[in-house]
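Reader: I am new to this structure, and I would like to understand the terms used for it. Could you show it to me and then take my questions?

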Amino acid sequence: MTGNKKLQIWVKEWADICQPDSIHWCDGSDEENQKLLDLMVSSGAAVRLDEKKRPGSYYFQSDPSDVARVENRTFICSAKKSDAGPTNNWSDPQEMKKTLLPLYKGSMNGRIMYIIPFSMGPLGSKIAHIGIQITDSPYVVVNMRIMTRMGKAVLDILGNDDFVPCMHSVGAPLQPGEKDRKWPCAPIESKYISHFPETNEIWSYGSGYGGNALLGKKCFALRIASSMAHREGWLAEHMLIMGITNPGGVKKYFTAAFPSACGKTNLAMLIPSIPGWKVECVGDDIAWMKFGADGRLYAINPEAGFFGVAPGTSMKTNPNALLSCRENSIFTNTGLTPDGDIWWEGIGYDIPPGTITWTNEDYDPASGKPAAHPNARFTAPAKQCPTIDSDWENPAGVPISAILFGGRRPSTLPLVCQSFDWNHGVFMGSIAGSEVTAAAIGLKAGVRRDPFAMLPFCGYHMGDYFAHWVKIGENAPNKSKLPKIFNVNWFRKNPEGKFLWPGYGDNIRALKWIFERTEGADIARETAIGYVPGEGTIDISGLSEAAGNIPELLKVDKNEWIDELKLINDHYASFGDRLPEEMKEQLQGLTSRLENAR
Ligand code: SAT
Ligand code: MN
């Protein structure tokens, strides 16, 4: 319990509305965790995995209607619609609360209301923030225990201070005597993932899955935190944080933002293919950054775990991710093998006979249905990552030397390119995106812009967000100490549609060039779009086939860029008068540099 008056009142108010059978304040202990897991095993919601194969780990299957974040049911409820901007679903805050209150009324009948105190970031860090989540899902509690620092210690640190209230219900009250479902949730049309950025509140209803329900992650650490950061002058970003050490023992930290399906977790846990280089992981998804007393930008990973996409993760593609979930982990919507282990497509070995699919059916290759849902996830403690950085819990954060943006671009964007300056780097972030095929998104094919990889995660107007990044550069205590900004593209293809770059561990070759550029090395060639590697400056030692592709990978094609300008103009038009002058100037600058280019 707590002496915090605001917290006491808040919990009482919600208990009166949701009418749970009882209230449980989570202390975060091993005993509590085990009790909840045992409870879910005995109710049939969870399967305990084999103690030898997967110690301390559990398996869940969600409802087939509740398998991912629901962007069309995610709302930013600012007083003015214009403050949510063109990239968010908006609803009036009062209207949204009027819609939701009747849904929450009695929504916890027959259930326990759990109170989860959690810290995003190392306990006591000046960059960290505390949230309290109310939930009626024990699955959420055991996941939040991995993904955040959770429990009594957080209440002790909170004292009488303020916190971010995160309200969650799966929206499936039980009648007296009614048997619970394996994965309770509400139908899609009554799911609401609502954010009130002006009052720092989150109201989530109807879903038990991932970012819809583990409210510390996308809802707090990105949507609410980005608007707090906007007001307070810091950065809350959808970025991995990695440490990179050269053979001489010099260590630097980079952050990187990529749209989904670009291998962000793989990059965070990369195993370098060049001898002597070392990459360590601070975080794989979110970075909170503030200037330190020395004028450098410092980043913390607000999370304590990985909520990673399982399919495609193998000892070949990402051994460190696979090793991170070797024990004490939670698996959701993977396949379940007869010997009590998990399996998914792309795990690197054949499916054991008798495997059960995520929909709880016998796996049948003839059906064409996968064993694991494509968005199946592992929840694993970050400290179990073999390459976790020794400073990953440093409350001061780690000093950032470079910021990377990227996307899947089969053409146009070179392997790596450095911005001319901070605002040009902000421009690079603002036009980031991936080229998608029509089938993949059910929309028209083309470049899907995902500025700063924040499209579904920015809690306010995206144009104001660009302006905020410009302001961070302007107000930097020491401009020469700002991180350098780069764009990378691992996905360039030849005209036959074959990837030119091997990716994975060989991405260290681009990271090495970036590392050297942050030290001012004279290894760049100036082009209309920025600095690209000069001839012979990408380390190709031990790189067989792809070495011959380097000229193509570094090509800046004027005609492709003239086409790109049209697309950028369309993209920018959507931000109307909130597009900062500085970004218009960047676009103009690029246009005239291209016109003058040979
Ligand atoms: O489900 S989450 O939002 O936590 C993960 C993701 O969609 O990237
Ligand atoms: Mn993410």
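This is a predicted model: local features need pLDDT of at least 70, side-chain atom pairs count only at pLDDT 80 or more; totals for chains, interfaces and linings use all residues.

Reader: Which residues are around ligand 1?

Author: They are Arg-69, Gly-210, Gly-211, Lys-217, Lys-218, Phe-307 and Arg-377, where a residue is near a molecule if one of its heavy atoms lies within 4 Å of it. The protein covers 88% of the 250 Å² of accessible area that ligand 1 has on its own (areas come from the Shrake-Rupley method with a 1.4 Å probe; for residues, only the protein chains shown count as cover).

Reader: What is the distance from an oxygen atom of ligand 1 to an N or O atom in the side chain of Arg-69?

Author: That distance is 2.6 Å, and a polar contact is a pair of N or O atoms within 3.5 Å; within protein, one must be able to donate a hydrogen and the other to accept it, and residues adjacent in sequence count only if both atoms are side-chain atoms.

Reader: Why is Thr-357 called buried?

Author: Thr-357 has 5% relative accessibility, and buried means under 20% relative accessible area, exposed over 50%, and partly exposed in between, with a 1.4 Å probe and protein chains only, so Thr-357 counts as buried. Leaving aside neighbours within four places in sequence, Thr-357 is in contact (heavy atoms within 4.5 Å) with residues including Tyr-59, Asp-362 and Pro-370.

Reader: Why does Pro-319 count as buried?

Author: Pro-319 counts as buried because its relative accessibility is 15%. Not counting residues up to four places away in sequence, Pro-319 touches Ile-271 and Ser-314.

Reader: Which residues touch the most other members of the largest nonpolar core?

Author: Of its 159 residues, these are Phe-220, Trp-288 and Ile-514; such a core is a set of buried Ala, Val, Leu, Ile, Met, Phe, Trp, Tyr and Cys residues joined through side-chain atoms within 4.5 Å. A second, separate core of 28 residues includes Cys-18, Cys-77, Met-96 and Met-167.

Key: Residues are numbered from 1 along each chain as its sequence is written. Chains are lettered from A and ligands numbered from 1 in the order in which they are written. Side-chain values use heavy atoms; hydrogens and water are left out.
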